[in-house]
Amino acid sequence: MNNHVTVLEIDGNALDHNLNYFKNKLEPKTKILAVVKAFGYGSDGVKIAQHLQHKVDYFAVAYAHEGIALREAGVETPILVLHPQIPNLQAIIDFKLEPNLYNFKIFNAFLALANNKLLLNYPVHIKFNTGLNRLGFWHTDIPKILASLHENNHVKVVSLFSHLAASEDLEEKEFTTNQLNNFAYIAKQFYQHLAYEPMLHILNTSGVINYAKAQFDMVRIGIGLYGFGNDANETAQLKNTHNLKSIISQIHLIKPGETVGYNRAFVAKKPSKTATIPVGHADGLSRKLGNKKHYVLINNKKAPIIGNVCMDMIMVDVTHIDCKEGDEVIVFNRQEMIQKMANAAETIVYETLTAISQRVKKELIN
Ligand SMILES: *Cc1c(COP(=O)(O)O)cnc(C)c1O
């Protein structure tokens, strides 16, 4: 049981709002895959999936064990495993997960296993590399893939997909358009030579925002569900889903010349009041946020982080704030605050969210 007082509240209403925002950008027939990998972007993938399971068509996770956690929690929606590994293929079958087959090594291993187990039409997905150069077959692999699939009824290709390298960057429009065209060409080869038509999908959140015409049969939405679009305007239409809260454990009154925290990094210039908060770098607050690079909110006022971020706590300056031990502390509760925290840590929102560690208690509200 996790009774940590530092809590990440996941806002179910905000998730629904964001899902509907993207649904409204899409054709009614376009399916929605909710990406819940990395513990639902640093929250709780199981709670998110349980909340969304009857509102989306698919879930995606990166690794098999993330999908197993959803199945063990009773989620029955189809689950695409984006980055399966050969040692996990049996577990994928045992838990009715659907593997992405991205090269011949894993494709052949899965087909051999499916044949061996006499599976019938087991759902698989095939990924193509159209420019990201991360995971996926090359279009030149198509004849060999088709030859293996021909007259094989142990697996069924539910979808063909690819991933964009720079969907958020309109300066890369030419490159992205090229990726979209390559993908359409690959799909055409399959449709011509396969007796059935797998679903097609290539767009992530920023792909939906910038290239909605290429929605094909399904889109894969991750960061957008959690409240972030490509830019401040898009993000303003979305609601914040991740609220990180804590409390003041202790207050210290210190004299000028006294120091706070490891390496005595903060030196008081005047009589000061500091508050110690039970959230540290082991909870996901980057050490780069120390030394007044970032702040928390206490009674609606900014309290700068002073000294170094510790593993289990931070100290903040509350000299100017009327507060007491036990008062609530907001680490973040708006997208703007998360964005500022990411900027201060010299990273992107994706990393700031997924850094929230397993030690932080997670609660679904609304
Ligand atoms: C993580 C991931 C997504 C989700 O991307 P967002 O930018 O968060 O919407 C979609 N597709 C693939 C293949 C991914 O790895």
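Ring pairs tie Phe-104, Phe-107, Phe-128, Phe-137 and Phe-190 together into a cluster. A ring pair here means that the centres of two rings of Phe, Tyr or Trp (its six-membered ring) lie within 6.5 Å; planes under 30 degrees apart count as stacked, over 60 as edge-to-face, and the rest as tilted. Before the details, the basis: this is a predicted model, where local features need pLDDT of at least 70 and side-chain atom pairs count only at pLDDT 80 or more, while totals for chains, interfaces and linings use all residues. Residues are numbered from 1 along each chain as its sequence is written, and side-chain values use heavy atoms, with hydrogens and water left out.

By the ring rule there are 10 aromatic pairs. In one of them, the ring centres of Phe-110 and Tyr-122 are 5.5 Å apart with the planes at 50 degrees, so this pair is tilted. It links distant parts of the chain, with Phe-110 in helix α6 and Tyr-122 in strand β6 (residues 122-127), 12 residues apart. Helices (H or I, at least four residues) and strands (E, at least two) are DSSP runs, numbered from the N terminus. Phe-110 is buried at a relative accessible area of 0%, and Tyr-122 is buried at 10%. Buried means under 20% relative accessible area, exposed over 50%, and partly exposed in between, with a 1.4 Å probe and protein chains only.

Now back to the cluster. Phe-128 and Phe-190 form an edge-to-face pair, 5.7 Å centre to centre and 70 degrees between the planes. Phe-128 is in the loop between β6 and α7 (142-149), and Phe-190 is in helix α8 (residues 173-193), 62 residues apart. Phe-128 is buried, with a relative accessible area of 1%; Phe-190 is buried as well, at 0%.

There are also charges over rings, meaning NZ of Lys or CZ of Arg within 6 Å of the ring centre and within 35 degrees of the ring normal. The charged end of Lys-156 sits over the ring of Tyr-196, 4.9 Å from its centre. Lys-302 has its charged end over the ring of Tyr-295, at 4.6 Å from the centre.

Next, the nonpolar core. Which residues touch the most other members of the largest one? They are Phe-59, Phe-110, Phe-190, Ile-298 and Val-316, in a core of 113 residues. A nonpolar core is a set of buried Ala, Val, Leu, Ile, Met, Phe, Trp, Tyr and Cys residues joined through side-chain atoms within 4.5 Å. Helix α6 (residues 104-116) gives the most to this core, 6 residues. The core draws at least three residues from each of domain 1 (12-237) and domain 2 (242-365). Leaving aside neighbours within four places in sequence, Phe-110 has contacts that include Leu-89, Ile-92, Pro-99, Tyr-122 and Val-155, where contact means heavy atoms within 4.5 Å.

Last, the domains, whose bounds come from an automatic or database domain assignment. Their C-alpha centres, for domain 1 and domain 2, lie 37 Å apart. Across the boundary, 16 residues of domain 1 are in contact with 13 residues of domain 2. The area buried between domain 1 and domain 2 is about 1300 Å², with carbon and sulfur atoms giving 67%; buried area is the accessible area (1.4 Å probe) that two parts lose on being put together, summed over both. Overall, the protein has 12 helices and 19 strands, and buried residues make up 55% of its 366 residues.
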